[in-house]
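Subject: Structure handover

Hello,

Here is the structure for your files. My notes on what turned up follow below.

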Amino acid sequence: MDRRDFLKRAGVGFAALPLSSCVSSLVIKTNTQGTVARLRDLGVVIGSLVVGRHNAITDVPGVIVGHTTLISGNGPLVVGSGPVRTGVTAVLPHDRDLVSNPVPAADWTLNGNGELTGVGPVRRSGLLGAPILFTDTGSVGPVYDGCMQHLLLRHPNLYSQSIRPEPIVGETWADFLHDTAGGHVRPEHAIAAINTAKGGPVAEGCVGGGTGMRAYSFKAGIGTASRIVTLNTAEYTVGVLVQSNHGRRPQLRVDGVPVGQHIPDLLPESGNVPGSSGHSLLIAIATDAPLMPLQLKRLCKRATIGMAHTGGISTHGSGDLFIAFSTALDRGRVVHFSHLDRLYQAVVEATEESILNSLIAAETVVGRDDNTIHALPLDRFVAVMRRHGRIK
């Protein structure tokens, strides 16, 4: 059954999702509320904690997200001309001046065959004073330049300050679909992602930096989720956003079910030849719990468990790079280490669901040289989950 017919029968409609600076007629599957269909729309619930209003990183008060999506051209690769399947995703802790109002932050590398540039100031100061941006491997430079232009426009004396924040730019490999060497992402695309960032529902799947990405040999990209926890009498939110480009098909598990083993076909195709798997995973973690950088690094480490729950093992060639920040305004108090367990659980659950949302939301994409990455077939996915008792 065609995935659109399946979703319509399940009560999920379709509409075009507006994308910032998008050169495409790509149609994204949406539910009846006009937002992208997600894991929970199919009846699969991950974990036991309560989710936020949008089940997104933007449920953390103040956090905003923006995308610039670039899709153009078809057919044989012509370096510099395309086809183009890429973009930029921006995550900002708040919509105020980040340079003047930095937030506590920390990063952590699970496996370092990738790039998360600009983390030097975070490691030295424990503060994040610039946006986080995700893109493809060939676009780190122009994305960094665009964000730096954005900062300098607002702070001409940026380089004379005692602590100079730098853009955090992460990348994953989109070359199977995209003209990586073509220089299609420009500084203005990064600026557009920053300037259009907003709260509320977050576009997922084939958008922004996730446009050319895959996970477990299915089309994937951007995914997000959130959890709410109560520590003593205080309520806190943890939100996660991922750019998924990792894993091999047999590894894919959903709520413990070996989905990848049940759906071994529909592998990426180069002509009629299966393509290789993606390798890397970028994760941004946000919370309004008052945490120190050392504690935020511990949240980063727990994200690996959420990745592992979906089957990821962080291969030798993988760039699995994570960053976490706190938006808490009260710097005079922090959560005691003995109370972190619920936050750890929130990160694990939200990371797992974010990765799965990146798969559920994505559509089949044909890119350079007619290379194809297929979407997860939702009718077959639901049938597998139902057989294993995960969907009633």
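How many residues does the largest nonpolar core have, and which of them have the most contacts inside it? The core has 52 residues, and Val254, Val259, Ile285, Leu343 and Phe381 have the most contacts inside it. A nonpolar core here is a set of buried Ala, Val, Leu, Ile, Met, Phe, Trp, Tyr and Cys residues joined through side-chain atoms within 4.5 Å. Buried means under 20% relative accessible area, exposed means over 50%, and partly exposed is in between (1.4 Å probe, protein chains only).

Some ground rules. This is a predicted model, in which local features need pLDDT of at least 70 and side-chain atom pairs count only at pLDDT 80 or more, while totals for chains, interfaces and linings use all residues. Residues are numbered from 1 along each chain as its sequence is written, and side-chain values use heavy atoms, with hydrogens and water left out.

The elements giving two or more residues to it are strands S10 (222-231), S11 (234-245), S14 (280-287) and S15, with helices H6 (293-309), H7 and H8 (378-387). Helices (H or I, at least four residues) and strands (E, at least two) are DSSP runs, numbered from the N terminus. H7 gives the largest share, 9 residues. Leaving aside neighbours within four places in sequence, Phe381 is in contact (heavy atoms within 4.5 Å) with Leu39, Leu42, Val44, Val254, Val259, Ile263, Ile360 and Leu376.

Next, the salt bridges. The whole structure has 11 of them, each a side-chain nitrogen of Lys or Arg within 4 Å of a carboxyl oxygen of Asp or Glu. Arg38 pairs with Glu204, with the closest N and O atoms 2.7 Å apart. Arg38 is in the loop between helix H1 (3-9) and strand S1 (64-72), and Glu204 is in the loop between helix H4 (187-195) and strand S8 (214-215), so this pair ties together parts 166 residues apart in sequence. Arg38 is buried at 14% relative accessible area, and Glu204 is buried at 1%.

Arg40 and Glu353 form another salt bridge, at 2.8 Å from N to O. Arg40 sits in the loop between H1 and S1 and Glu353 in helix H7 (residues 341-361), so the bridge joins parts 313 residues apart in sequence. Arg40 is partly exposed at 29%, whereas Glu353 is buried at 0%. Both belong to a network of salt bridges that links Arg40, Arg227, Glu349 and Glu353.

On the surface, Met292, Leu294, Val334 and Phe337 form a nonpolar patch with about 320 Å² of accessible area together. Patches take residues with over 30% relative accessible area and no salt bridge; like charges are joined within 9 Å, nonpolar side chains (Val, Leu, Ile, Met, Phe, Trp, Tyr) within 5 Å. Areas are from the Shrake-Rupley method with a 1.4 Å probe; for residues, only the protein chains shown count as cover. Val334 lies in the loop between strand S15 (319-326) and H7 and is partly exposed at 41%.

Last, the backbone. The peptide bond from Gly82 to Pro83 is cis, with omega near 5 degrees. Pro83 is in the loop between S1 and strand S2 (84-92). Asn55 has a positive phi, near 50 degrees, and is buried at 6%. Asn232 has a positive phi of about 60 degrees but is exposed at 67%.

Best wishes
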